[in-house]
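User: I should like to learn how to read the features of a structural model. Please guide me through one.

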Amino acid sequence: MSETHRAIRAVWALEAGKLIARLTRMVRDVGLAEELAQDALVAALETWPQGGVPENPGAWLMTTAKRRALNAIDRHKMLDRKHEQIGHEQPTAHDIAEQLETVLDDDVGDDLLRLVFISCHPVLSSEARAALTLRMLGGLTTEEIARAFLVPEATIAQRIVRAKKTIADAQLPFEVPRGEERAARVSSVLEVIYLIFNEGYSATAGDDLLRPGLCDDAQRLGRILANLIPDDPEVHGLAALMDLHASRTATRVRPTGEPVLLLEQDRERWDRGLIHRGLASLARSEALGPKGPYALQAAISACHARASRPEDTDWARIAALYRELVGQVPSPVIELNRAMAVGMAHGPAAGLVIIDALVADGSLASYYLLPSARADLLMKAGRLAEARVEFERAAAMTKNARERALLLERAASC
Amino acid sequence: MRFLMTYHADDNAPPTPEKMEALGKFSAEMAASGMLLDTGGILPIQLGAKTAMKGGKFTVTDGPFVETKEMVVGYAIVQVKTKEETIELTRRFMAVAGDGHGEIRQLMGPSDGPHH
């Protein structure tokens, strides 16, 4: 890639979301808007290497896309006339030209927020939402998204095409949801961002445990959202959660690739800047209202961040936060985490009571962290033979090669 | 990856109200981009000190620093995916801030070795 090409990609990372958001308002079709924006990018890739990056690259892209929008609308009108379909709500070239005067100058925030809501619409699958959000708001290429999710480029391309078609077929409005719908839609957006973060933070497939590029993307999306919806406690809760988790990135994996458990991480190397930011976002969230699921998880993560040594961890508080979390989001996985915290706060026997109830319940039968957690508590309770069996069971269940090696090592140490 | 950007203005006159407004608008845009982690100003060296450790001997120099013009240095820390993104942000900032010079320095991070 030439220097100018890299410069163009940099401009794109900054401008893609704004450009697509504004174009969608004009042409009232997110799929078409995205194509027009891509056309403008192609035009930049063709002309900037010779003429250099323009003084105001965002405006250049907008003007180019606008010209193409007008052409597209003209073509559309001709087709419409041919098919005698005049009368439906297609904006005219004149409407658009008029819109442009105001759109270029006003605050793009509202359009951006509308774009966020449409990319994360619950009518789309969560995979489609993630791909669409990274492409339209993060300015990632299909190839970059494919690499990040370890799937073929054609799969992502197809996922995006289908998502755009779904949006068009469902005639999703380009709007900020209000009233009762709003909370559910915000949580759908948060879910997408957290999914992207987790894909980077705890890779579910492959031999690498971390793909930090996706974490960067998710954290950026989280900050963009905190700027667009500054009054929502959960938006700041998620931003806090991601920063606090990301503060441990350097210590979570050994140079050789093995994962390092939270209590064995070198806390000196946790990122103070990210912890500071995370705690500040958490405080903002708490000031805005009662804790929702993301703020609760951030508060749990903050308990670890505040403890300079593992033995300083306030496990009783963590156990109480988990109890609150499981009350809001009934989930056996959260209950499992609560069991571990209770085990730390009140002894392994107390934790095992909760875990054994989960084993009896059966809903986590194929989840390797259940035997792994049970093994951990059994080991602490001095029941080594049982612990070894459980570690081996967990090792046989995980798909991640690094995790498996770690579990077998722990089995051997019992 | 994270970068620290610094900026020294050539002209030390206090900014005009127009420039203040443009700078305010720029920092709102930076915040909206999701890339900005922190930003602020560093006051002139006259208010601080120079320090050194030479052969185990620690020295503090309180000034006066005749060789240094009194100036405020602006800084920003950003989280981006390429150096070029930082360059583009800097270009936009300087277009608003005016003549001056700066540095872009990558901060060490989990996946950013010095030769990365």
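This is a predicted model: local features need pLDDT of at least 70, side-chain atom pairs count only at pLDDT 80 or more; totals for chains, interfaces and linings use all residues.

User: In what order do the elements of chain B run?

Analyst: Helices (H or I, at least four residues) and strands (E, at least two) are DSSP runs, numbered from the N terminus. Chain B has two helices and six strands, and from the N terminus their order is β-α-β-β-β-β-α-β. The C-alpha atoms of chain B fill a box of roughly 45 × 40 × 20 Å along the principal axes.

User: What share of the residues in chain B is buried?

Analyst: A residue is buried if 20 or more other C-beta atoms lie within 10 Å of its own, exposed if 12 or fewer, and partly exposed in between, with C-beta atoms placed from the backbone. In chain B, 18% of the 116 residues are buried.

User: How does one check the span of a helix?

Analyst: The expected span is 1.5 Å times one less than the number of residues. Helix α1 of chain B (residues 17-33) has 17 residues and should therefore span 24 Å, which agrees with the 24 Å between its end C-alpha atoms. After α1(B) comes B:G34, with a positive phi near 80°.

User: Which residues of α16(A) are buried?

Analyst: Helix α16 of chain A (residues 332-346) reaches 20 Å from its first C-alpha to its last, close to the 21 Å expected for its 15 residues. Its buried residues are A:E335, A:L336, A:N337, A:R338, A:A339, A:M340, A:A341, A:V342, A:G343 and A:M344. They pack against α15 (315-328), α17 (348-361) and α18 (369-380) of chain A. Just after α16(A), A:G347 has a positive phi of about 100°.

User: How is a pair of packed helices described?

Analyst: Two packed helices are described by the angle between their axes and the distance between the axes. Axes are lines fitted to C-alpha atoms, for helices over the stretch in contact, and angles run from 0 to 180 degrees between N-to-C directions. Angles under 35 degrees count as roughly parallel, over 145 as roughly antiparallel, 65 to 115 as roughly perpendicular and the rest as oblique. The axes of α19 (residues 384-397) and α20 (residues 401-413) of chain A come within 8 Å and cross at roughly 165°. That makes α19(A) roughly antiparallel to α20(A).

User: How do α2(A) and α8(A) lie to each other?

Analyst: The axes of α2 (residues 30-51) and α8 (residues 153-169) of chain A come within 8 Å and cross at roughly 140°. The two helices are therefore oblique to each other. Two residues are in contact if their C-beta atoms, placed from the backbone, lie within 7 Å. Here A:V30, A:G31 and A:E34 in α2(A) meet A:K164, A:I167 and A:A168 in α8(A).

User: Which element of chain A gives the most to the side that touches chain B?

Analyst: In this contact, 20 residues of chain A touch 15 residues of chain B. The elements giving two or more residues to the side of chain A are α1 (3-27), α10 (212-228) and α12 (249-252). Of these, α10(A) gives the most, with nine residues.

Key:
Residues are numbered from 1 along each chain as its sequence is written. Chains are lettered from A and ligands numbered from 1 in the order in which they are written.
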